[in-house]
Amino acid sequence: MVKKKRGFQEVAAAAEPVTVEENISLNNLRANLDEIKTYDGVIGYILRNSTSAAIELKDSTKLIDYAIISSSALDASEELSKLFDLGAVKDIIVEGKGVKVLSLIVGENRISIFLEKDTDCEKILKKLH
Amino acid sequence: MDNEVYTFALKNALNEIRNVCPDITNTFMFREDGEIIVGDENTPEKTMVHVVDAFDGIFEKADAIGGVECITIEGSNGKVNVSWLNDLYFVTVTSRKADMNHVNTVTRVLIPTVLRLLEKICPTPLKSKSPLTKTKQTKTKHQPKIPMVKELEKPELMEEPVEETVMEEPKETVEAETKHEQLLPEPPVNQFIVENIGGLLVPSDTVRIDTEILSQWEELYEGREIEEVEIGTFYGKTMRCKVKTIKDSKYEEKGIIQIPEKIQLALEIKKGELVRAKPIIE
């Protein structure tokens with residue numbers, strides 16, 4: 001009986017800090033993204049991980065299209081990284097005639113930020129890395 | 001013969017680019033529809049096809065960002081760049097130490113010059129004749145890909161968009177009832193992001209979607225009321241359930257489907273995931 005109790009306590013003690021850390025980093029990330037959203041030229045963002053998704057877009061009619069572009073860009077980067085031995089992918093930028101999409105993976109979080117075409121990505125990347 | 005001249009000239013140009021910039025490891029070109037034009041001698045066709053495939057999802061939805069002009073993937077060991085040059089996509093793979101100014105100067109001057117020169121010498125459209133060359137028109141235009149979760153690509157979920165099946169004429173030999181069914185358009189399939197719905201008075205067998213989508217479906221079926229939908233997950237699970245419009249205005253026009261917990265559990269999905277839904281017409 002004692003053994004069981006001790007075992008349970010060990011598991012709980014080991015699991016708790018990880019969850020708290022994850023929550024803190026996710027909250028930080030969301031806070032950073034909310035700040036980035038206020039920058040000039042930022043249209044919105046999509047943040048996804050295995051348990052949740054957050055979407056902030058000025059034009060919600062394009063949500064599905066943007067979500068697919070975001071996901072495709074991140075998937076493509078993983079495939080091409082393997083194919084050409086690119087190593088860890090830092091970021092992916094898809095430039096359209098009107099909109100630019102900056103995608104990156106931070107921890108387990110897949111992020112895409114949608115920008116007006118001429119917006120500088122450097123400030124955003126510094127904020128997120 | 002013209003195509004061979006084009007291919008030969010371009011292949012040489014790509015090889016020369018690699019000679020001038022040794023930090024370029026691979027280069028090739030493909031058309032907007034995915035047809036591969038030519039690659040350097042260091043890049044196997046299989047690799048080129050793989051790259052074009054990887055960009056499928058982006059090109060399919062390119063209209064949403066005004067068409068793709070450039071894609072850059074920056075890795076710790078190297079970089080992939082896809083640029084739109086003279087109506088073609090030009091792919092370069094460079095090593096980490098590459099001087100990108102030098103690479104860009106060479107590629108963005110040399111390739112357009114060669115293309116213009118070829119156009120003057122032999123003004124025919126670029127077409128590759130290689131049997132390995134991939135033409136992706138049928139795949140990209142007719143099969144919506146679901147890139148969020150790759151395992152999803154199961155046959156039952158790959159239904160064609162309604163616009164492409166509406167015009168199918170019923171065969172004369174089939175029974176009258178079947179004829180009637182064929183006259184109806186194929187149910188359109190929409191993608192949604194899952195959102196929770198809860199509360200005491202919320203029925204556990206009913207999902208909620210945008211009024212606009214429901215109206216579009218009803219319009220498609222000449223005003224018939226859509227009472228049920230089939231939800232499909234990208235893992236191949238499907239479920240038929242009742243449907244109503246979203247009541248909470250904050251979820252409207254966001255591509256969201258509100259699904260009660262019971263259905264989420266049955267479909268093994270959760271908030272934030274993508275699902276597909278189509279109306280059930282009986």
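1. The axes of H2(A) and H2(B) cross at roughly 165 degrees and come within 9 Å. Axes are lines fitted to C-alpha atoms, for helices over the stretch in contact, with angles from 0 to 180 degrees between N-to-C directions. H2(A) is therefore roughly antiparallel to H2(B) (the term covers angles over 145 degrees). Helices (H or I, at least four residues) and strands (E, at least two) are DSSP runs, numbered from the N terminus.

2. This is a predicted model, in which local features need pLDDT of at least 70 and side-chain atom pairs count only at pLDDT 80 or more, while totals for chains, interfaces and linings use all residues. Residues are numbered from 1 along each chain as its sequence is written, and chains are lettered from A in the order in which they are written.

3. Where the two helices touch, A:Ala76, A:Glu79, A:Leu80 and A:Leu83 of H2(A) meet B:Thr47, B:His50, B:Val51 and B:Ala54 of H2(B). Contact requires C-beta atoms, placed from the backbone, within 7 Å. An α-helix has 3.6 residues a turn, so residues three or four places apart point the same way.

4. H2(A) covers residues 63–84 and reaches 31 Å from its first C-alpha to its last, close to the 32 Å expected at 1.5 Å a residue (1.5 Å times one less than the number of residues). A:Asp85 follows H2(A), with a positive phi near 55 degrees.

5. The contact as a whole takes 39 residues from chain A and 36 from chain B. On the chain B side, S3(B) gives the largest share, eight residues.

6. S3(B) also runs antiparallel to strand S3 (residues 89–96) of chain A, joined by seven bridges; pairing needs at least two bridges found by DSSP. A:Ile92 has B:Ile73 as its bridge partner.

Notes
Angles under 35 degrees count as roughly parallel, over 145 as roughly antiparallel, 65 to 115 as roughly perpendicular and the rest as oblique.
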